[in-house]
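Please read the following briefing alongside the sequence and the coordinates. The notes are grouped by topic.

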Amino acid sequence: MSDTIEFRLNYRPVRLTVDGERTLLWALRTDLELKGTKFGCGMGVCGACTVLVNQEAVRSCQIPVADVRGKEVMTIEGLARNGHLHPLQQAFVDRNALQCGFCTPGMILSAYSLLLRKKSPTEAEIIEGMDDNLCRCGSHQRIVQAIQDAAKHMRR
Amino acid sequence: MSDKEFNEPPSATAGALDLNRRQFLKILGGGIIVSFVPVFAGDPPEALSAAQPRLPEDFNAFLRIGEDGRVACFTGKIEMGQGIITSLAQMLAEDLDVPLGSVDMVMGDTDLCPWDAGTYGSMSTKYFGPPLRAAAAEARATLIELAAERLGVPKNRLQTSSGVVFDTDAPAKRVPYGDLTKGRRIEKQLAEKPPLKPITGFTISGKATGRTDAVEKVTGKARFAGDIALPEMLYARILRPPAHGARLTDADTSAAEKVPGAQIVRDGDLIAVLHASPDEAARAVDLIEGTYTSPKTGLNDENIFDHLLGVAPPGAVLAETGDLQAGRGIASKVIEATYRQGYVAHAPMETHTACANLDGDKVTVWASTQGPFPAQREVAAALNMPLQNVRIITPFVGGGFGGKNRNRQVVEAARLAKLTGKPVQVTWTRGEEFFYDAFQPAALVKIASGLNASNRIVFWDYHVYFAGGDKAPTFYDVANKRTTAYGGWQETRRAHPFDTGPWRGPNGNTNTFARESHMDVLAAAAGEDPVAFRLTHLQDKRMLRVLEAAGSAFGWSKAVAPSGKGRGVACVIYKGTHVAAMAEVEVDTTSGRCQVKRVVCAQDMGQVVNPEGAKMQVEGCVMMGLGYALTEMIRFRDGKVLDRNFDTYQLPRFSWAPKIETILIENPDLPPQEGGEPAITCMGAVVANAIFDAIGIRFHELPISPERIGQAVKRS
Ligand code: FES
Ligand code: FES
């Protein structure tokens, strides 16, 4: 069943004619050609597909695209503005908080929503907030440090 | 990591190589081109020695300095997170004397890059680095010659710096590399090693450098195989059997055919649904009713070890010193134990993925693979095409760990592209990834050993089943020792109920778990501190140095285990790298949960090209190793793989992460050695030993899961 769904994507309005039951993940990756959002498990248990819906981290493999009607969606492609990396992206670069980079978009967007909820998270709060995002390469320690650095930078 | 099946082929690639060179030189146009072959200094690892004679004789990689001054390095190796995209560029930039930012790495493209066996075994820096540096030095010498002509200055007055040749007497007299190559085409083949820069003069190599691919990866711009979009591309989902060994007897595709836009393809054993939307393809494939035979092997993750012992090939002695019988005769205490480890999955975050495009009689496949050239051969065979008509392009790979030496998805995409005449993407689901993974083989080790009256080990009789290999013999100083292997880790795949293959640190994880656990068992029997006990059994200077370095960083103080402190130690000599790891754990005896609080790793890996990269690799080893130590093991029953996603197969998480401290021992006299694998092999034993120290219970089987800890506590 095709449906017309309008929402805002990375600060721009989009209109999609699509079966509203399809997952947001594949609508983003195929219809909207944004490849930064990754597929890792399809079950909501890895976090690679994380995007922001109304500033909240959401697993895009778990929600139908119809759910974002009228909402504000942000993917990793929308984070850097005017050619400037977001402080979280910069901190991931500076801390070398990635290896293969496949989990990275999901990590950064999960951290983004975490920092919106808590401006000065403790290390324990970061660990708790990120615990359901998986990284097989083992960049965990550096990711926690990067989030701390970014939080500091963003408070300034 | 390697697998004999993939070390290929003399004649077929020779043809491809000629073509590569022709194509390559055509594409290159002007510039200075230096080609080179990796040199195998020292002992090539076992897998490589089989492959080496087959490597192309004339050259194995190129570097080119273009007219724009940019330097391109073409290599069949691939980047999967291990960081060679940075460390190889660093080595090249150092000896050529150009800024790191002017180097472009062109990796894993079978049309542009010369043949390569595959990216595994942490061998890239060790074997590829020295000739790469030599080629860079050769190119630099050539540039100086050209500059001497151009500037009319004797060679000995010329120096290079940051991509420019200048006159040391009149530094204003200078010419950039790009200008020197303009309008010319100079081909050089590296015959002999020109002198390399002394390590003391390094400004790029050996310095902590961020990843050159980081910005692409944090902005979502980095392209992985599944990110390739081709016009009219279809997404495929393939009907899969419920169990290994199950054969399809019937398939009802009528319901799937009703899904609008779905195209069903059947070609022998391959039944697939193709659709412009991947989720629609998934919905349709679920509607296919396949009928299968259900094989009853009777095998499961509990009885597998008995099965393996039953089918083990006869033993072969891998190493022997002294006289075991004589050693046994003087032992006052004899201690025997068996150690086990189940099947472990690779579980990279990116599943096996490929996009294939057929264009006339040629096919191009973008693939998530560790071996683009083996993949090329597999596709050529499956499609019955000449090798040179198949091009494999390897974008960034989202983790490999040995698992992406298997290229099944590459062949599937190519077959489906041929069958449909459309570009096809195959992205495995997580369930498919677990099902078809070539697991680290389950293996066992039986050790009989003895101490004399002064607590020296007087004999060590080591029997390893299905994990035989170079990591089995002990490096400890024991007068009478023998290592017998019943099946190597790679040539016994048929004994297992599913595919097995190289997994980060092949044959290192089980053997190190067994050896280092048993050293602690002996230390406890001797009433000695585990570190002190090891020190009395070590002569190897590099090993002594890393053990002492780890001890002082960790703050190890002498105590006999179990001391209640919850600390453990484990050591390994992994090819040319020496590691000592120490860990501190806390065990909650009620929940069975083991929290690893701290890990110190001291590593001597010879020269370190990228210290930051080396530390990242050690941290990756520690985190990934915690998985096989504490939770990771594939459960299965009659060919059915029961763990098919991360809900039941538990990967290490943020909340498990210990504080990791890496100490890189300076050893500039030794060329770079392996860095991506050694430390992971220590993780089983260092955790088992720390748990013993904490609660006095010795675990002989990995993983040491909360359930196992809970049960053991109850029994004790
Ligand atoms: S792909 Fe959505 S959580 Fe893993
Ligand atoms: S960087 Fe590879 S999975 Fe996280």
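Among contacts in chain B between residues at least 6 apart in sequence, what percentage join residues at least 24 apart? The share is 77%, where contact means heavy atoms within 4.5 Å. This is a predicted model, in which local features need pLDDT of at least 70 and side-chain atom pairs count only at pLDDT 80 or more, while totals for chains, interfaces and linings use all residues. Residues are numbered from 1 along each chain as its sequence is written, chains are lettered from A and ligands numbered from 1 in the order in which they are written, and side-chain values use heavy atoms, with hydrogens and water left out.

**Chain B overall**

- The secondary structure of chain B comprises 19 helices and 29 strands, these being DSSP runs numbered from the N terminus (helices H or I, at least four residues; strands E, at least two).
- Chain B has 716 residues, of which 65% count as buried; buried means under 20% relative accessible area, exposed over 50% and partly exposed in between, with a 1.4 Å probe and protein chains only.

**Helix packing in chain A**

- Two packed helices are described by the angle between their axes and the distance between the axes.
- In chain A, the axes of helix α2 (residues 87-94) and helix α3 (residues 104-117) come within 10 Å and cross at roughly 130°; axes are lines fitted to C-alpha atoms, for helices over the stretch in contact, and angles run from 0 to 180 degrees between N-to-C directions.
- The helices α2(A) and α3(A) are therefore oblique to each other, given that angles under 35 degrees count as roughly parallel, over 145 as roughly antiparallel, 65 to 115 as roughly perpendicular and the rest as oblique.
- The crossing of α2(A) over α3(A) is right-handed, a term for a near helix turned clockwise from the far one by less than a right angle, with anticlockwise counted as left-handed.
- On the α2(A) side this contact is made by A:L88, A:Q89 and A:F92, and on the α3(A) side by A:T104, A:M107, A:I108, A:A111, A:Y112 and A:L115.
- The residues of the contact between α2(A) and α3(A) comprise seven nonpolar, two polar and no charged; Ala, Val, Leu, Ile, Met, Phe, Trp, Tyr, Cys and Pro count as nonpolar, Asp, Glu, Lys and Arg as charged, and the others, Gly among them, as polar.
- The axes of α2(A) and helix α5 (residues 140-155) of chain A come within 8 Å and cross at roughly 140°, and these helices are therefore oblique to each other, with a right-handed crossing.
- Here A:P87, A:L88, A:A91 and A:F92 of α2(A) meet A:I143, A:A146, A:I147, A:D149, A:A150, A:H153 and A:M154 of α5(A), a set that divides by class into nine nonpolar, one polar and one charged residues.

**The loop residue A:C49**

- A:C49 lies in the loop between α1 (24-31) and β3 (50-53) of chain A, and A:C49 is buried, with a relative accessible area of 4%.
- Leaving aside residues up to four places away in sequence, A:C49 touches A:L25, A:T37, A:K38, A:V58, A:R59, A:S60 and A:C61.

**The seven-stranded sheet of chain B**

- Seven strands of chain B form an open sheet with mixed pairing, in the order β11-β12-β9-β19-β16-β17-β18; two strands pair if DSSP finds at least two bridges between them.
- At the edges stand β11 (263-267) and β18 (390-393) of chain B, each with a single partner strand, so one side of each is left without a neighbour in the sheet.
- The twist in this sheet averages 25° from one strand to the next.
- Strand β17 (residues 362-367) of chain B pairs with β18(B) in the parallel sense over four bridges, and the bridge partner of B:T364 in β18(B) is B:R391.

**The four-stranded sheet of chain B**

- Four strands of chain B form an open sheet in the order β23-β24-β25-β28, again with mixed pairing.
- The edge strands β23 (567-574) and β28 (659-664) of chain B each pair on one side only, and the twist averages 15° from one strand to the next.
- Antiparallel strands β23(B) and β24(B) are joined by eight bridges, and they form a hairpin with two residues between them, in whose turn B:K575 has a positive phi of about 50°.
- Eleven bridges join the antiparallel strands β24 (residues 577-588) and β25 (residues 593-604) of chain B, with B:E586 opposite B:Q595 and B:A583 opposite B:V599.
- Nine of the twelve residues of β24(B) are buried.
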